[in-house]
Amino acid sequence: MENSTKQHQNQSSSTCENLPSLLSSFVDTFVDFSVSGLFLPQHEQQQTPQNPLQTHYPSPDRLVAIGDLHGDLEKSKQAFRLAGLIDGSDRWSGGSTTVVQIGDVFDRGGEELKILYFLEKLKREAVKSGGQLITLNGNHEIMNVEGDFRYVTERGLEEFVVWAYWYGVGSKMKSSCHGLEKPKDPFHGIPLSFRGVPEKFCHSIRARIAALRPDGPISRRFLANNLTVLVVGDSVFVHGGLLEKHVDYGLERINEEVREWINGLMGRRAPDYCKGSNAVVWLRKFSDELAKNCDCSLLEHVLATIPGAKRMIMGHTIQEIGINGACDNRAIRIDVGMSEGCINGLPEVLEIHRNSGLRVLTSNPMYQNKNKSYADAERKKGLGLLIPEHGPQPVEVKA
């Protein structure tokens, strides 16, 4: 009887010791649901030291690349459905597919946070099916972490006001629980007003800064583990483009340093290779819609410095004619401006099969029940966008 009583007391003590962390997890999940409408239980490993980011991945049987999303949740879902990656209930249905989202979730639209939560949900579901979703940082992620909100919409600001309200509710709940560390104030040090900014926007801008600045709750959770450069098999993924100096600096080093910066370990300003026209997230030397303006010789040289690399896949620069290739398909450009805040383009995604090469999956009704090359004369006639001598090169396209 005495042993039974002691065992019960030990179990009760263990349960009580775990109550603060269980309550904290419950509160975080409650806040997530209130902000996004999605149920995302917190991972315990978030408190453990981070593992090094993986920059190089082997070639999968099926690889899908999705371009810039810019705050348009519905178009984002359409792109995933186009590739058979989600079902009618928005659950992962892509099996063992590897998916790369090329960056630029932020700006130009009003559902940026909802997209971040949606992508996080899919990452968890994909792993359970043997697949994976890898997200990259684009120039707009870098800009927002730095507090550059030039392309933010009013709806985008409102979304962060909602986040700030529920985050505050969660913090108050945690503060009232004995045994839980008092949460940090994410607004600490942020001015109450900003020169030249109308008063009605000041609170929303403060909320966005609080969430996204280095070591902010949203940036740390959703952006810090993004890659900035990725190599999958013989394909190099980067939002803007790579130069030889970036490769010499070290792709793994770039990924780790950007993560450290987002986690608040390297000051307020992004690393130099993330700023300026020659930055990895800003470069356009291989993205001009006129192939004659792409520096193919430079691209060839850069790819030669990355063992096994055959092509560079980029977003950042809108391709009004859809996904296309330049420089003998060694430059693949996948930003189709699908967001309503860009050019409201029809969703397209790039698909790479290990044994059958590249093709474009498109929602363009012109290609329903057809399988055509981008160089096909009927496409030129129908869209009138390709310039025969200088236009992008063929990539197989399938509706």
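Predicted model: local features only at pLDDT ≥ 70, side-chain atom pairs only at ≥ 80, totals over all residues.
User: What makes Ser-129 buried, partly exposed or exposed?

Analyst: The relative accessibility of Ser-129 is 40%. The class in between runs from the 20% limit for buried to the 50% limit for exposed; therefore Ser-129 counts as partly exposed. Ser-129 is located in the loop between α3 and β4 (132-135). With neighbours within four places in sequence left aside, Ser-129 is in contact with Trp-92, Gly-95 and Ser-96. Between Ser-129 and Thr-97, the C-alpha to C-alpha distance is 9.0 Å, at a separation of 32 residues in sequence.

User: What makes strand β11 mostly covered?

Analyst: Of the 6 residues in strand β11 (residues 357-362), 5 are buried, that is, under 20% relative accessible area. The strand is accordingly described as mostly covered.

User: How do you know that β10 and β11 pair, and in which sense?

Analyst: Pairing requires at least two bridges. Strand β10 (residues 348-353) and β11 have 6 bridges, in the antiparallel sense, so the two strands pair by this criterion. A hairpin of 3 residues joins β10 to β11, and Ile-352 stands opposite Leu-358 in β11.

User: Which residues have the most contacts inside the largest nonpolar core?

Analyst: They are Ile-66, Phe-80, Leu-230, Phe-237, Leu-242, Met-312 and Leu-350, in a core of 103 residues. Helix α3 (residues 112-128) contributes the largest share of this core, with 8 residues. Apart from neighbours within four places in sequence, the contacts of Met-312 include Val-236, Val-238, Leu-242, Phe-286 and Ile-332. In soluble globular proteins, nonpolar side chains tend to be buried together.

User: What makes up the lining of the second largest pocket, by class?

Analyst: The lining has 10 nonpolar, 5 polar and 4 charged residues. The pocket has a volume of about 410 Å³. Among its 19 lining residues, Glu-146, Gly-147, Ile-209, Arg-213 and Arg-268 are the closest to the centre. Helices α4 and α6 (199-212) each supply at least two lining residues.

How values were computed:
Residues numbered from 1 in each chain as written. Heavy atoms only, no water. Core = buried A, V, L, I, M, F, W, Y, C linked by side-chain atoms within 4.5 Å. Buried < 20%, exposed > 50% of the residue type's maximum accessible area, 1.4 Å probe, protein only. Helix = DSSP H or I, 4+ residues; strand = E, 2+ residues; numbered from the N terminus. Contact = heavy atoms within 4.5 Å. 1 Å grid on protein atoms, 1.4 Å probe; cavity = no way out; pocket = protein on both sides within 12 Å on 5 of 7 lines; lining within 4 Å. Points joined across faces, edges and corners; volume = space filled by probe spheres on them. Nonpolar A, V, L, I, M, F, W, Y, C, P; charged D, E, K, R; others polar.
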